[in-house]
Amino acid sequence: MAPTRSAPDVPSSAQPSTPPSVSAWDVAQRQYDRAADKLNLSPGVREVLRHAKREVTVHFPVQMDNGETRVFHGYRVWHNVVRGPAKGGLRYHPSLNLDDVRALAMWMTWKCAAVKIPFGGAKGGVTCDPAAMSPRELERMTRRYVTDIADMLGPDSDIPAPDVNTNPQVMAWVMDTYSMHRGHSVPGVVTGKPLSIGGSEGRADATGRGVVYLIQEAAKMLDLDLDDARAAIQGFGNVGASSARFLHEVGARVVAVSDSRGGVFNGDGLDLATLTRHKQETGSVVGAPRTQTISNADLLELDCDILVPAALEGMITAENAPQIRARIVAEGANGPTTPEADDILRANGTLVIPDILANAGGVTVSYFEWVQDREEFFWTIEEINARLRRALLRAFDEVQRMGAEHTVDLRLAAYMLAVQRVAEATLTRGIYP
Ligand code: NAD
């Protein structure tokens, strides 16, 4: 039965990045603590990994199109760089704050370790509402932000990538600004770039592709036939839209998707091409032809087999988790589930593919992009996708084995694997001086 509640029409600027009652940093530390307890980490290394190594806040002026000068607040956080250069996206969002960035940086450390990529974890961004800014204003803001954090960046030190509300064009401005300061082109300073300046084949949809590779593995565990399985996807941006497309390609029926203004439902399956066109023309999926409007709350609670939260953190909470009916929750977003919600989902038998595994396809192909930029030799899409699949399936297998060995769920198993790798690297390097 189709749901009947209607969607609130909430503009993206009014949406908090995290519901105020849930601090993303608090969630990240509690998830880490669970793994540290289980691993019995020694107190010293446990304390080291619990904190971000470096946190930079910048306040910088930008000249707006109307001649006014506005001051923006930007951040770049390195959580840990023991295993390699800092890696993590840039987010532009009205409610972005240092706590969010800290949490997102810590999740990047675990994600890179879980899939065995030789990078540390970072995140950055600017508190702004890109929907209310012109392309020229966005460009000036990006170039000034990059200039103000330039001493952190570099292909050997810190390599940003796209995140919420940033895209290949923004990455091109990052690459160009950094290169102008250096006096020569440095493609390896950022990933998720356009192909014309050293981007990689397959990067744009790598995160969604990875989400679906892992849903296929999870479905095997549950003996769930993906052919005609019903999927609901929260967020129809880079990760959500590509997850929808690949789910459709493997035979699933995408019955609902949403964005910051609300959701749409069609029990027979949504026409994804029409939805994409409607979103391009109107800025939202809401109101697309042959769909029924639903709210984001309705979407999470739909009767479906697969749920892909692919919007922001803190969306699945103790309040709505008991109503979630999906058999598989594949976390396209970072941090969409609180620890309390995790416990409820586990008790209800829902299989959660945790963010640090589920959405690791993006950073995996970012790593491939960085390697290609350094080699100045580019791979085919077939090579990229085959290597991506191999990397994610190996990680999924290792996480499953860790889970079976310690009788823990996939999140705790993925965390244990990742934290153990970072702890081992820390102890092997030793504490300087
Ligand atoms: P995006 O900006 O391309 O898309 C975000 C989508 O979420 C948009 O459709 C937006 O309207 C929607 N949204 C925003 N607030 C919402 C709300 N309150 N309710 C419902 N929908 C809402 O961003 P993205 O790059 O697709 O990132 C989405 C998530 O995936 C984030 O958590 C990000 O950190 C994570 N992620 C992204 C990548 C990547 O490669 N881009 C990789 C790994 C993880």
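Modeller: Domain bounds here come from an automatic or database domain assignment. That assignment divides the protein chain into domain 1 (49-189 + 362-371 + 408-433) and domain 2 (206-358). This is a predicted model: local features need pLDDT of at least 70, side-chain atom pairs count only at pLDDT 80 or more, and totals for chains, interfaces and linings use all residues. Residues are numbered from 1 along each chain as its sequence is written, and side-chain values use heavy atoms, with hydrogens and water left out.

Now the ligand. Both domains give residues to the shell around the ligand, so the ligand lies between them. The shell holds 27 residues, each with a heavy atom within 4 Å of the ligand. Among the closest are Asp 163, Thr 207 and Asn 334.

Next, the polar atoms (a polar contact is a pair of N or O atoms within 3.5 Å; within protein, one must be able to donate a hydrogen and the other to accept it, and residues adjacent in sequence count only if both atoms are side-chain atoms). The side chain of Thr 207 places an N or O atom 2.8 Å from a ligand oxygen. Ser 260 brings a polar backbone atom to 3.0 Å from an oxygen of the ligand. At Asp 259, a backbone N or O atom is 3.5 Å from a ligand nitrogen. The protein covers 91% of the 830 Å² of accessible area that the ligand has on its own (Shrake-Rupley method, 1.4 Å probe; for residues, only the protein chains shown count as cover).
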